[in-house]
Amino acid sequence: MQRTVGALVMEHIAVGLVEGEKVHGGLNVYPEGHGSSEALLSMPADAIADLIRRQVQAVSGKEKIGAIGIGFPGIIRNGVVEDSPNLHQMKGFSLQAALSNALGEKFAGVPVRIFNDADAMAAGIAATRGKLNKLFRVWTIGNGIGFGRFPSREGIWEGGHSVVTLDPKENFCGCGGKGHLEGILGRRSMRLRFLDLEPEEVFENARAGDARCKEFVTLCHRALTAATATSIHMEGPGTFFVTGPEVRFIDVGLLDRLLLEMVKMSPLQGSHFEVVPTSDEIGIVGAAVNAAHASKT
Ligand SMILES: [Zn+2]
């Protein structure tokens, strides 16, 4: 079976060699270990592309590679990062062309495909569960909030920027838009809202009974449920997976209960949430599966 390379760029860059629906061998991760998740924020676009290139070459070794898939945060179209609210320097960057040109002779003719990171997670969950024929919708919770869908379909799907409140004071989203889900639930926006507390402390204080933090934790869950309800009202019911570096903040029981209040029409009943522990492997497999599929069509 031909091997593919998958990469997932979220808080860090993780790259692996994929065979079938499994990562073969170890992952190449930057920054290594528990390095700062801020490392990519200030890095120029060229340097990020160069890091990915070196990691792809490192995991490939002497293997013959069929396709390369990269999951990257933001609006991705035709290999170009059209916008990336948490990696502003990538706006307009042609990541696919930069990688194809730099990978060198060994990779000549190997298709490189770029996908939204949350779409890669959705594809990875579908592939690892052996259900490539079903609709999978995924929320990724991190600095930003990603919305992924498998099978991927033409469109923008920036569900993390769904408007979930009309309160004009809700203006913490990295994209600058008011009332966005990411402006409430994204790690970056939590830090702007609670200048005196880290997000972990906010959730700890809420558990200990602090009124301000409790109110905020409820708001977070209502916001995620509201965006999910919108997706149900547009595309129908189903399972919504929740994953990403900050998924530990999420109480799926509370989301399920809130959803019952927000979706009432009988044909739209039956949705629920499921947590998938965050894993680079799933996103890497998803990016690789999507790339292998896209390069055949
Ligand atoms: Zn936004």
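Q: In which helix is the place of Asn290?
A: In this predicted model, Asn290 sits in helix α9, which covers residues 280-296.

Q: Why is Asn290 called buried?
A: The relative accessibility of Asn290 is 7%, and the word buried is used for values under 20%, so Asn290 counts as buried. Leaving aside neighbours within four places in sequence, Asn290 is in contact with Phe115, Asp119, Ala123 and Phe150.

Q: What makes the protein as compact as a globular protein of its length?
A: The protein has nine helices and eleven strands. Its radius of gyration is 19 Å, close to the 19 Å that the globule rule gives for 297 residues, and therefore the protein is as compact as a globular protein of that length. Buried residues make up 52% of the 297 residues.

Q: Which residues have the most contacts inside the largest nonpolar core?
A: Within this core of 32 residues, those with the most contacts are Trp139, Ile141, Leu181, Leu185, Leu224 and Val242. Several elements give two or more residues to this core, including β8 (136-141), α7 (211-235) and β10 (239-243), and the largest share, nine residues, comes from α7. Val242, when residues up to four places away in sequence are not counted, touches a set of residues that includes Trp139, Ile141, Leu224 and Phe273. Apart from this core lies another, of 31 residues, among them Val9, Met43, Ala49 and Phe93.

Q: Why is Asn78 called exposed?
A: Asn78 has a relative accessible area of 76%, and exposed is the word for values over 50%, so Asn78 is exposed. Asn78 lies in the loop between β5 (75-77) and β6 (80-83), and its phi is near 50°, a positive value in a residue other than glycine.

Q: Why is Trp157 called partly exposed?
A: The relative accessible area of Trp157 is 26%; because buried means under 20% and exposed means over 50%, with partly exposed in between, Trp157 is partly exposed. Trp157 is in the loop between β9 and α4, and has a positive phi of about 60° although it is not a glycine.

Q: What joins Phe150 and Pro151?
A: A cis peptide bond joins Phe150 and Pro151, with omega at about 0°, and Pro151 is found in the loop between β9 and α4. A cis peptide bond also joins Tyr30 and Pro31, where omega is about -10°, and Pro31 is found in the loop between β3 (22-30) and α1 (45-60). Most peptide bonds are trans, and most residues other than glycine have a negative phi.

Technical notes:
Residues numbered from 1 in each chain as written. Predicted model: local features only at pLDDT ≥ 70, side-chain atom pairs only at ≥ 80, totals over all residues. Heavy atoms only, no water. Helix = DSSP H or I, 4+ residues; strand = E, 2+ residues; numbered from the N terminus. Buried < 20%, exposed > 50% of the residue type's maximum accessible area, 1.4 Å probe, protein only. Contact = heavy atoms within 4.5 Å. Rg over C-alpha atoms; globule rule 2.2 N^0.38 Å. Core = buried A, V, L, I, M, F, W, Y, C linked by side-chain atoms within 4.5 Å.
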